[in-house]
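Hi,

Here is the structure I promised to pass on to you. Have a look at it first, and then read my notes below.

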Amino acid sequence: MGTINKVLNLIFEDLNPRQKEVIVGRFGLGNPTAEPQTLAAIGDKYGITRERIRQIEAGSLKLISRKIAANKECQNLLNKGKKYLETVGGVAKENTLLVNLAASFEGLTKNQLSLLLEATGAFNLHDEDPGFASFYYLDKKSLEAAARFVSQLVKFLKPQKSAVLAGSYADLVAKFIASNKFSSAHAKSYLTITKKIHSNPFGEIGLTEWPEIKPLNIRDRIYLVLKKEGKPL
């Protein structure tokens with residue numbers, strides 16, 4: 001098993017102290033709980049402009065990129081990530097991929113992987129947004145395939161709300177996957193990253209936009225409980 005800190009020390013060998021400090025700050029590599037810092041914050045620390053910090057970062061990434069290309073352990077890590085993404089449809093929830101890679105590279109964190117990806121472009125991170133949880137994706141084609149699957153599934157489920165809420169969610173999704181000839185493994189991966197599908201406190205699964213699945217206020221919650229009980233309380 002490789003140790004990611006040892007790998008990082010090797011790829012930092014060609015950086016001068018200022019370059020290393022900028023990279024450590026920009027990618028939040030100081031400690032496991034560190035957060036990436038802005039150009040402005042680092043510039044204020046050293047009394048130089050954010051543009052100068054950007055230039056130092058860009059130059060440092062070029063040096064790091066060359067070191068990564070010549071480092072067998074880095075290449076193994078990135079290739080393992082790409083191969084895993086290929087097997088699951090090109091997308092994987094952030095923590096799922098990190099756990100998979102950490103099995104071979106002890107101590108790997110999101111910030112450390114972000115540095116390797118920024119320097120190489122081996123694959124990509126899609127940050128959390130209203131429609132998706134944070135996830136890694138192989139390329140633009142994979143990203144579009146995942147978004148298309150989710151969009152089509154939502155469109156398929158919307159007019160079948162009663163059946164879904166009656167417990168037919170799994171059967172309907174299986175029917176959708178089969179009729180559209182999607183890979184089951186790919187579909188499973190797509191479902192883990194979308195926020196369009198949700199499970200309510202009673203374990204019922206459906207569209208997030210339905211108040212029975214994700215109540216937004218106290219009125220929705222009361223309605224959900226009363227509907228579940230089937231009688232006034």
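**What I found**

K181 counts as exposed, because its relative accessibility is 77% (exposed means over 50%, buried under 20%, and partly exposed in between, with a 1.4 Å probe and protein chains only). Before I go on: this is a predicted model, where local features need pLDDT of at least 70 and side-chain atom pairs count only at pLDDT 80 or more, while totals for chains, interfaces and linings use all residues. Residues are numbered from 1 along each chain as its sequence is written, and side-chain values use heavy atoms, with hydrogens and water left out.

Back to K181. It sits in the loop between α9 (161-179) and α10 (184-193); helices (H or I, at least four residues) and strands (E, at least two) are DSSP runs, numbered from the N terminus. The phi of K181 is positive, near 55°, although K181 is not a glycine. For comparison, most residues other than glycine have a negative phi.

Now for another loop residue, N71, found between α4 (50-69) and α5 (72-87). Is N71 buried or exposed? N71 counts as buried, because its relative accessibility is 10%. Leaving aside residues up to four places away in sequence, N71 touches V7 and L10 (contact means heavy atoms within 4.5 Å). A polar atom of the N71 side chain also lies 3.0 Å from the backbone nitrogen of E73.

**How the helices cross**

α4 packs with helix α3 (residues 39-46) at an angle of about 105°, the axes being 8 Å apart. Axes here are lines fitted to C-alpha atoms, for helices over the stretch in contact, and angles run from 0 to 180 degrees between N-to-C directions. α3 and α4 are therefore roughly perpendicular (65 to 115 degrees; under 35 is roughly parallel, over 145 roughly antiparallel, and the rest oblique). On the α3 side the contact is made by L39, A40, I42, G43 and Y46, and on the α4 side by R50, I53, R54 and E57. Sorted by class, that contact has five nonpolar, one polar and three charged residues. Nonpolar covers Ala, Val, Leu, Ile, Met, Phe, Trp, Tyr, Cys and Pro, charged covers Asp, Glu, Lys and Arg, and the others, Gly among them, are polar.

α4 also packs with helix α7 (residues 110-120), at about 95° and with axes 8 Å apart. L61, I64, S65 and I68 of α4 meet L115, L116, E118, A119 and T120 of α7; the classes are six nonpolar, two polar and one charged.

What about α5 and α7? Their axes come within 12 Å and cross at roughly 95°. C74, L77 and L78 from α5 meet L116, L117 and T120 from α7, with five nonpolar, one polar and no charged residues.

**The sheet**

There is an open sheet of three strands in the order β2-β5-β4, with antiparallel pairing (two strands pair if DSSP finds at least two bridges between them). β2 (91-93) and β4 (124-126) are the edge strands, each pairing on one side only. On average, neighbouring strands are turned by 30° against each other, direction ignored. β4 and β5 (residues 135-137) are joined by three bridges, and Y136 in β5 is the bridge partner of L125.

Helix α8 (residues 140-157) packs on the sheet and touches β2, β4 and β5, its direction making about 125° with that of β5. Helix α6 (residues 94-102) lies across β2, β4 and β5 too, running at about 90° to β2.

Cheers

Conventions:
Polar contact = N/O pair within 3.5 Å; in protein donor to acceptor, adjacent residues only side chain to side chain.
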